[in-house]
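Subject: Structure handover

Hello,

I am passing this structure on to you. Please have the sequence and the model open while you read the notes below.

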Amino acid sequence: MSKTIIVSNRLPLQLSIENGQVHSAPSVGGLATGLKSVHRDNNGLWIGWTGLTVEETPSNLQSAIDTAVQDQQCAAVELTQEDMDGFYYGFSNRTVWPLFHYFMEYAEFNEENWEIYKTVNRKFAQVVIDNLEDGDNVWVHDYQLMLLPQMIREQRPNISIGFFLHIPFPSFEVFRTLPWRDEILHGLLGADLLGFHTYDYERHFLSSVSRILGYEVSFNAITYKDRVIKVDSFPMGIDYEKFSAFAKANHEQTDTTQSELQRRLDLHATATPDAKMILSIDRLDYTKGIANRLKAFEHFLEKYPDYSEKVRLVMLAVPSRANVPQYQVLKKEIDELVGRINGKFSTVSWTPVWYFYRSMPFNNLIDLYTSCDVALITPIRDGMNLVAKEYVATRTDRTGVLILSEMAGAAKEMNEALLINPNNLSLIADTIKQALEMPVEEQKKRNKYMQSRLKRYNVEKWATDFMKKLNAVEHNRNIVKAKHVNEKRQHAIMEKFNAASKRIFFLDYDGTLRGFVNNPEDAKPDAELLEMIKKLQQPKENEVVIISGRDSVTLGEWFADVPVTLISEHGVLKKAYGREWELTETMNNDWVPTIQPVLQTFVDRTPGTFIEEKNYSLAWHYRKADPDLGEQRANELSNVIRELTSNNGLTVLSGNKVIEIKSSNVHKGKAANNHILNKDYDFIFSIGDDWTDEFMFQDLPESAITVKVGVANTAARYYVDDTDQVRELIESFIA
């Protein structure tokens with residue numbers, strides 16, 4: 001039975017050695033929670049480091065450790081202290097982490113650490129290979145293992161591999177400064193599917209691949225050697241139900257069941273009922289903007305003195321990488337800022353900043369989430385930031401205000417939060433005032449939308465979506481690739497053409513006969529093209545059909561004087577030369593309940609989009625979305641609906657910033673087949689550039705000459721490079 005192998009730097013368990021005994025407990029982090037179903041329910045195996053170096057592992061306990069790891073459906077990678085120093089504390093956290101978060105001044109380019117990073121990735125690769133069987137999937141996680149996909153691919157080229165980056169991917173201008181940029185990109189391109197939290201990170205990666213390696217990038221696909229690699233964004237969610245349930249339970253506690261922290265928080269609220277608490281929770285990391293946050297809070301107290309003794313900043317800083325020099329400097333700066341603010345503004349009965357430098361158990365985090373009126377989350381740069389989502393999930397009465405940095409990945413999904421620039425201290429101070437004074441009705445309205453979105457796209461949905469996409473990519477790899485129309489193959493096609501007595505040509509328009517242009521109105525056929533089509537139609541043995549996604553009015557005007565058959569809107573309407581347009585099918589809407597949830601998923605993942613319901617169709621509008629992301633999602637949605645409804649007779653139409661799904665059995669393949677029905681053609685030629693033309697390639701007789709423009713991964717028998725080669729090919733039929 002095939003399995004899914006999950007690979008991350010750390011295993012989803014906590015190992016400890018106490019009194020000569022090995023103790024093991026499952027981790028409760030976001031990744032472990034999100035991948036629980038993939039790991040436990042899918043015959044999964046998790047590969048990673050145990051947290052104990054070789055030097056820390058007594059030889060007499062190795063067997064017990066192995067058993068504890070295996071009991072959790074895991075396999076361990078053994079690392080030495082030297083490995084950890086160079087791989088984790090060195091290259092991962094002193095090179096990749098600062099560079100990918102745009103702290104270039106902190107990035108160290110140490111050759112020795114790079115060599116250890118490669119060595120450790122090979123150690124991970126060997127454990128994966130040792131446990132890998134035919135049919136398995138591999139899902140690699142995060143920046144510590146960016147070389148791993150290609151290392152696995154080199155030994156097992158037919159395995160399906162996914163990779164997800166949990167931190168930002170920087171812009172090309174930043175990434176190019178990395179001395180080993182080529183090796184990192186090649187390592188990542190060993191995967192079949194690469195996932196990022198946001199479209200911005202995805203776009204930066206595609207730009208780096210295109211500009212550094214020079215590989216072809218089309219929408220979210222990379223043509224790499226003999227493979228097509230998909231790249232997409234999957235915003236990681238949280239276990240919404242867990243946080244919501246614990247928050248509800250917290251509100252139902254009695255005095256005897258409350259934690260000491262909750263009692264202190266309640267005591268403060270009772271003593272000063274008009275006072276507000278602002279929550280700040282982060283790892284102590286320079287990317288989190290903690291120093292700026294404190295400076296902004298200080299500025300707030302100076303600018304709005306009326307809030308003296310009426311507001312308190314509850315700040316939890318979780319220790320992190322204490323042996324890295326930049327973190328030691330940051331800790332000293334934070335301590336000094338807290339001391340300065342408290343010394344400057346404190347009164348006998350009021351301390352403006354409550355500062356905790358430690359980890360807290362989960363129930364205490366819930367205490368803080370549910371007790372604080374405002375959450376102040378202001379990272380300078382953050383891959384996602386789940387704290388923001390956790391805070392909103394715990395606000396079961398929908399009160400509370402989230403102030404969120406626009407530099408956090410979560411900001412793309414949480415537009416209802418008060419978004420700020422983390423470097424603008426005056427803006428943060430004013431936004432704190434806005435949050436404290438926000439009416440309860442507005443708080444509830446904002447949180448209602450965010451909670452609904454977070455509940456739908458939770459962490460399990462994130463993992464499921466990624467695995468579905470990975471499986472789809474694996475399926476697409478099995479499609480027979482087309483052969484390039486070189487001189488020899490073009491000669492063979494011409495031999496069949498010359499030997500035929502009754503020929504038909506199905507010619508797509510946009511992207512095939514005519515290249516794409518920024519302004520659709522400029523796509524009108526030029527005189528040379530019109531003349532070429534007339535010449536192709538001229539011999540009595542030939543019949544030409546222009547088959548396009550264009551609307552009937554436009555197509556009719558452009559080819560009014562050309563004696564060809566026109567098929568518009570992907571097969572919905574047909575017009576013989578000299579006749580009127582005819583609607584080919586009737587409409588129904590019994591498919592709507594099936595398709596609408598699919599569209600809703602794309603709305604959830606693509607800010608600025610919405611669904612329009614019509615009598616006979618559903619339309620997904622993306623005019624207000626990010627232009628690049630909208631086009632990518634439109635391309636993806638078209639493919640999803642096509643695959644989902646291939647046996648239900650639906651047609652997907654691409655309009656101006658809209659994808660429309662209509663109740664119709666018609667697509668280009670059926671339209672073409674109906675046109676040749678009961679006609680004895682001995683030469684059938686079809687050419688097109690996008691997925692709508694795949695219907696023709698699949699449905700026309702096997703003897704047909706089917707040609708794809710631009711991409712070799714297709715059902716067509718052949719492909720050409722571009723529209724220039726299309727014209728050259730058609731000219732050969734005229735000569």
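In which strand is F685 found? F685 is in strand β28, residues 683-688; helices (H or I, at least four residues) and strands (E, at least two) are DSSP runs, numbered from the N terminus.

Some ground rules come before the rest. This is a predicted model, in which local features need pLDDT of at least 70 and side-chain atom pairs count only at pLDDT 80 or more, while totals for chains, interfaces and linings use all residues. Residues are numbered from 1 along each chain as its sequence is written, and side-chain values use heavy atoms, with hydrogens and water left out.

Back to F685. With a relative accessible area of 0%, F685 is buried; buried means under 20% relative accessible area, exposed over 50%, and partly exposed in between (1.4 Å probe, protein chains only). Leaving aside neighbours within four places in sequence, F685 is in contact with I504, F505, F506, L507, I705, V707, L729 and F733, where contact means heavy atoms within 4.5 Å. F685 and V707 are 22 residues apart along the chain, and their C-alpha atoms are separated by 8.0 Å.

Next, the core. A nonpolar core is a set of buried Ala, Val, Leu, Ile, Met, Phe, Trp, Tyr and Cys residues joined through side-chain atoms within 4.5 Å. The largest one has 104 residues, and those with the most contacts inside it are V7, V138, F169, L194, F205, L294 and F300. Helix α5 (residues 111-131) supplies the largest share of this core, 9 residues. Beyond its neighbours within four places in sequence, L294 is in contact with L313, M315, I334, L337, V338, I341 and V353.

D142 is in the loop between β6 (137-141) and α6 (148-155). D142 counts as buried because its relative accessibility is 13%. The D142 side chain reaches the backbone nitrogen of H166 at 2.9 Å, a polar contact (a pair of N or O atoms within 3.5 Å; within protein, one must be able to donate a hydrogen and the other to accept it, and residues adjacent in sequence count only if both atoms are side-chain atoms). N385, in the loop between β15 (374-377) and α15 (386-394), has a positive phi of about 80° although it is not a glycine. N385 is buried, at 6% relative accessible area. R398 lies in the loop between α15 and β16; R398 is not a glycine either, yet has a positive phi of about 65°. R398 is partly exposed, at 33%.

Last, the cavities. On a 1 Å grid over the protein atoms alone, a cavity is a set of points where a 1.4 Å probe fits but cannot get out, and lining residues have an atom within 4 Å of a point. Grid points are joined across faces, edges and corners, and a volume is the space filled by probe spheres set on the points. There are 2 cavities of 30 Å³ or more.

- The largest cavity holds about 70 Å³ of space. Its lining includes H570, R642, W691 and F695, and strand β26 (residues 650-655) gives the most to that lining, with 3 residues.
- The second largest cavity has a volume of about 40 Å³. Among the residues that line it are G400, E416, M438 and R446. Helix α17 gives the most to this lining, with 4 residues.

Regards

Key
1 Å grid on protein atoms, 1.4 Å probe; cavity = no way out; pocket = protein on both sides within 12 Å on 5 of 7 lines; lining within 4 Å.
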